[in-house]
Amino acid sequence: LHCPPDHYTFPFVLKACGELPSFRSGAAVHAVVSTTGFDSNVFVCNALVAMYARCGELDDARQMFEEMHDKGICDIVSWNSIVAAYTQSRDAKNAVELFRIMTNDSEIHPDIVSLVNVLPACGSLGASLHGMQLHAFALRRGLFEDVFVGNALMDMYAKCRMIEQANKVFESMEVKDVVSWNAMVTGYSQAGRFEEALGLFEKMREEKIELDVVSWSAVIAGYAQKGHGYEALGVFRQMQLCGSKPNVVTLVSVLSGCASIAALLQGKETHCYAIKCVLNYDWNDPGEDLMVINGLIDMYAKCKSTNVARSMFDSVAPSDRNVVTWTVMIGGYAQHGEANDALKLFSEMLQEGNSMKPNTFTICCALMACAHLAALRFGKQIHAYILRNRYESVMLFMENCLIDMYSKSGDIHAARVVFDNMQHRNSVSWTSLLTGYGMHGYGEEAIKVLDDMRAAGFVPDGITFLVLLYVCSHSGMVDQGIRFFESMHTEYSVTPELDHYACMVDLLGRAGRFGQALELVHSMPMEPTAIVWIALLSGCRIHGNVELGEYAAAQLQELGSENDGSYTLLSNIYANARRWRDVARVRSLMKYSGVKKRPGCSWVQGKKGTATFYVGDRSHPQFEQIYKLLADLIQRIKAIGFVPETNCALHDVDDEEKGDLLFEHSEKLALAYGILVSTPGVPIHITKNLRVCSDCHNAFAYISMIIDNEIILRDSSRFHHFKSGSCSCRGYW
């Protein structure tokens with residue numbers, strides 16, 4: 001029996017091809033359509049557009065639509081199909097543009113489906129004006145009464161951060177379904193208005209509206225996105241008690257909540273639940289499994305279990321990883337001090353080629369790692385990659401990261417060039433540059449930037465003032481810093497917080513104004529924490545104030561906040577005063593308390609990568625040349641007036657032996673190696689994990705008089721630029 005397909009048969013077959021999806025079968029059916037003369041039938045052609053869209057072949061869908069348009073057989077379904085195709089493919093810009101063209105066609109009248117298709121695209125673009133025009137159109141045409149249109153309008157307004165407008169739509173809807181309530185709860189959650197979200201959520205329960213997984217997930221996701229992990233976990237427990245089964249989105253949100261509060265135990269429990277109820281590991285549907293695994297990698301990394309996170313990353317086949325998989329692992333390394341691993345993994349990602357292109361967040365995580373290591377050369381390579389691969393749509397975000405990277409890698413001039421070439425700037429751009437100038441001790445330049453910032457219409461906020469106080473502290477601008485602190489509340493209505501007070505104590509302590517510093521501490525509206533007392537203790541070390549240093553150390557002990565840094569500061573104060581018994585007592589106290597002093601470590605960039613040195617290090621293949629060159633440098637600078645500061649050696653031994661101990665400091669070894677491998681005239685970049693000692697600081701200043709290289713040293717506090725016998729810090733460090 002031969003029964004040829006007709007214009008009723010083809011749409012059903014094409015729908016099946018789209019549902020599978022099977023592009024090959026759909027294309028074969030298209031060929032049959034063309035040979036049997038149905039390629040001008042509007043019903044069949046509409047089905048072809050929909051089939052190609054569902055198979056992810058947007059170009060073919062568009063070509064089919066254009067052929068229909070040229071033939072003049074397009075109807076409202078044709079337009080709705082192509083707009084829906086672009087919206088579902090997350091190409092919101094083309095979806096909105098096609099809708100605009102459709103409305104210019106006098107024979108086509110948008111219907112409910114048209115609005116429901118285009119409104120999500122407006123929300124994705126943040127095109128609130130266009131969305132409001134569609135709202136007015138719906139009211140004029142009597143389409144607003146439809147619950148689907150109302151839901152789409154609420155979702156659009158929420159995504160455009162117009163939550164009050166979304167609520168007005170919600171309140172004016174005569175008919176609401178569970179999607180309406182969910183849209184409003186989600187909107188409030190994403191806007192950070194948790195009380196309203198929970199209030200609406202409770203109202204749903206009171207009115208016995210059936211809560212579905214979307215309702216619960218919306219509240220959990222809202223809390224997780226704002227870093228309220230405990231609240232997210234609380235709602236998740238309620239969800240389980242009510243018998244509602246979590247889906248992938250719920251679990252990813254719960255994992256995000258665990259990550260935000262470093263709740264490793266709860267994260268592991270969620271992992272177990274995922275293994276039992278969600279993960280298939282057969283990769284028939286890799287999308288959902290991969291979402292959960294990415295969430296688990298992120299959670300473990302943020303809970304500082306990077307080894308477990310890496311094991312999960314390695315368990316995913318390279319062909320199954322997506323950009324999120326790479327980003328959460330690189331970000332986990334970068335955020336927890338494992339910057340070398342972050343950059344190594346980023347390099348591996350780039351080796352994947354065009355199949356795995358890093359996104360904005362990946363690149364910013366890599367730049368963060370460069371900033372941590374002061375890896376200027378790698379940072380420049382990433383900058384070049386950004387320029388080559390055209391990330392214009394997110395350039396502001398990346399440029400802010402570049403300013404931070406260049407500033408922390410010792411090239412403040414490159415940071416300024418990036419800033420000056422920015423087409424758009426936000427408050428982060430200005431603050432990043434201000435921070436950079438502060439780190440390098442360029443206080444006057446920072447004040448000029450502040451004036452430019454005000455002229456550009458940006459009003460200083462709490463973060464800006466924190467940076468300004470930091471700048472003044474590291475530039476010796478004491479009176480200017482005091483004026484900034486006083487103007488915070490009087491001129492800008494910014495209430496000083498704990499960090500502002502700590503910065504002021506640091507500023508006054510560095511300047512030796514201990515009376516004012518102590519008076520400020522006692523007048524604080526909140527209880528001083530460890531950060532305040534450490535700032536005071538640091539000032540006592542600089543000026544040798546033993547009595548006040550002991551008082552600050554006692555306050556730290558009372559708070560239970562002693563660490564190797566505070567013990568070392570007190571030990572330095574005693575050593576400067578030649579109170580060796582007290583030095584020994586502090587060391588015994590450290591040993592008794594189980595506090596271990598971090599070993600000094602310095603690293604320097606060479607032609608073949610980065611070399612790392614510890615105190616007295618002899619592990620480098622060129623250690624004999626390094627020590628020989630260093631001995632020669634010390635002899636030469638002694639001849640022009642350098643005298644070792646033996647009080648920096650915290651041992652009760654004679655001055656000659658102290659000089660030998662100081663000779664082997666890690667930063668001196670790093671400098672000697674840097675001179676060995678660097679070309680004359682090229683800056684030598686050194687990074688130290690601790691504060692540089694005054695003997696090394698003095699030695700570097702003298703050495704800069706006899707070599708042709710600028711020495712750029714970054715310690716745990718700031719940058720020091722040594723050139724021609726002077727340092728950029730001018731003694732404020």
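Predicted model: local features only at pLDDT ≥ 70, side-chain atom pairs only at ≥ 80, totals over all residues.
The chain is assigned five stretches as domains, among them domain 1 (1-60) and domain 5 (601-727).

**Domains and annotated repeats**

- The domain assignment gives domain 1 as residues 1-60, domain 2 as 334-424, domain 3 as 425-486, domain 4 as 497-597 and domain 5 as 601-727.
- Taken over C-alpha atoms, the centres of domain 4 and domain 5 are separated by 27 Å.
- According to the UniProt annotation, which comes from an unreviewed entry, "repeat: PPR" covers residues 41-75, 177-211, 212-246, 322-356 and 426-460.
- In the span of residues 41-75, the end C-alpha atoms lie 11 Å apart, and 77% of the span is helix while 0% is strand.
- In the span of residues 177-211, the end C-alpha atoms lie 11 Å apart, and here 74% is helix and 0% is strand.

- Strand β4 (residues 711-714) and β5 run antiparallel and are joined by four bridges, and the two strands form a hairpin with four residues between them.
- Strand β5 itself, which spans residues 719-723, is mostly covered, since four of its five residues are buried.

- Helix α18 covers residues 306-315, and Thr306, Ala309, Met312 and Phe313 are its residues named here as buried.
- These four residues lie on the same side of α18, because they cover an arc of only 120° around the axis.
- Asn307 and Ser315, by contrast, are exposed and are found on the other side of α18.

**Thr464 in helix α27**

- Thr464 is part of helix α27, which runs over residues 462-475.
- Thr464 counts as buried because its relative accessibility is 1%, and the cut-off for buried is under 20%.
- The side chain of Thr464 makes a polar contact, at 2.7 Å, with the side chain of Asp461.
- When neighbours within four places in sequence are left aside, Thr464 is in contact with Thr431, Leu434, Leu450 and Met453.

**Ser523 in helix α30**

- Ser523 belongs to helix α30, which consists of residues 514-523.
- A polar atom of the side chain of Ser523 lies 3.0 Å from the backbone oxygen of Leu520.

**Thr612 in strand β2**

- Thr612 is located in strand β2, which is made up of residues 609-614, and with a relative accessible area of 37% Thr612 is partly exposed.
- Not counting residues up to four places away in sequence, Thr612 touches Cys601, Ser602, Trp603 and Asp617.
- Thr612 and Val42 are 570 residues apart along the chain, and their C-alpha atoms are separated by 71 Å.

Notes
Residues numbered from 1 in each chain as written. Heavy atoms only, no water. Domains from an automatic or database assignment. UniProt positions renumbered as here; feature names shortened; annotations may be inferred. Buried < 20%, exposed > 50% of the residue type's maximum accessible area, 1.4 Å probe, protein only. Pairing = 2+ DSSP bridges. Contact = heavy atoms within 4.5 Å. Arc of directions from axis to C-beta. Polar contact = N/O pair within 3.5 Å; in protein donor to acceptor, adjacent residues only side chain to side chain.
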